[in-house]
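Please read these notes with the model open beside you. They are numbered, and each takes up one topic.

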Amino acid sequence: MGDKKGNGGFALLCCFIAFGVAAVIAFILYLLPLVSDVTVGSNVMDILSLIFTIASCVGLAFGALAFAGRHGGFVKVLTAIFVLVFIAAIVLIVVGMV
């Protein structure tokens with residue numbers, strides 16, 4: 001059984017990887033300090049938070065694009081607008097950190 005065109009395999013893989021990266025970073029940022037005396041420096045916390053945000057947005061964007069690929073033009077336009085808003089937000093976060 002081969003990979004059918006348009007089944008979202010690549011998008012689903014990207015979602016899975018982004019979800020895993022976000023989960024690891026969430027563990028480091030939020031759960032690890034609760035169970036041990038590990039402290040994360042401010043700069044490291046900012047960088048991990050940025051990576052967490054980007055990974056979450058990438059996973060959401062690929063999932064949304066896979067969904068939009070199976071639906072009409074209106075959903076595709078909305079998805080494109082949402083992705084652009086996320087990209088603008090990430091750029092603003094990066095610029096604000098510099």
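1. A23 counts as partly exposed because its relative accessibility is 40%; buried means under 20% relative accessible area, exposed over 50%, and partly exposed in between, with a 1.4 Å probe and protein chains only. A23 lies in helix 1. From C-alpha to C-alpha, A23 and S56 are 9.4 Å apart in space, although 33 residues apart in sequence.

2. This is a predicted model, in which local features need pLDDT of at least 70 and side-chain atom pairs count only at pLDDT 80 or more, while totals for chains, interfaces and linings use all residues. Residues are numbered from 1 along each chain as its sequence is written, and side-chain values use heavy atoms, with hydrogens and water left out.

3. The chain has three helices and zero strands, so the order from the N terminus on is α-α-α; helices (H or I, at least four residues) and strands (E, at least two) are DSSP runs, numbered from the N terminus.

4. Helix 1 (residues 9-35) packs against helix 2 (residues 42-69) at an angle of about 155 degrees, and their axes are 8 Å apart. Axes are lines fitted to C-alpha atoms, for helices over the stretch in contact, and angles run from 0 to 180 degrees between N-to-C directions. The angle makes helix 1 roughly antiparallel to helix 2; the cut-offs are under 35 degrees for roughly parallel, over 145 for roughly antiparallel, 65 to 115 for roughly perpendicular, and oblique for the rest.

5. Which residues of helix 1 and helix 2 meet? Helix 1 brings residues including F10, C14, A18 and I25, and helix 2 brings residues including M45, F52, S56 and F62; contact means heavy atoms within 4.5 Å. The residues of this contact divide into 19 nonpolar, four polar and no charged. Ala, Val, Leu, Ile, Met, Phe, Trp, Tyr, Cys and Pro count as nonpolar, Asp, Glu, Lys and Arg as charged, and the others, Gly among them, as polar.

6. A61 is found in helix 2. A61 is buried because its relative accessible area is 16%.

7. Is T79 buried or exposed? T79, in helix 3 (residues 73-97), is buried, with a relative accessible area of 6%. Leaving aside residues up to four places away in sequence, T79 touches A64, L65 and A68.

8. For the whole chain, buried residues make up 18% of the 98 residues. Among contacts with a separation of 6 or more, 67% join residues 24 or more positions apart.
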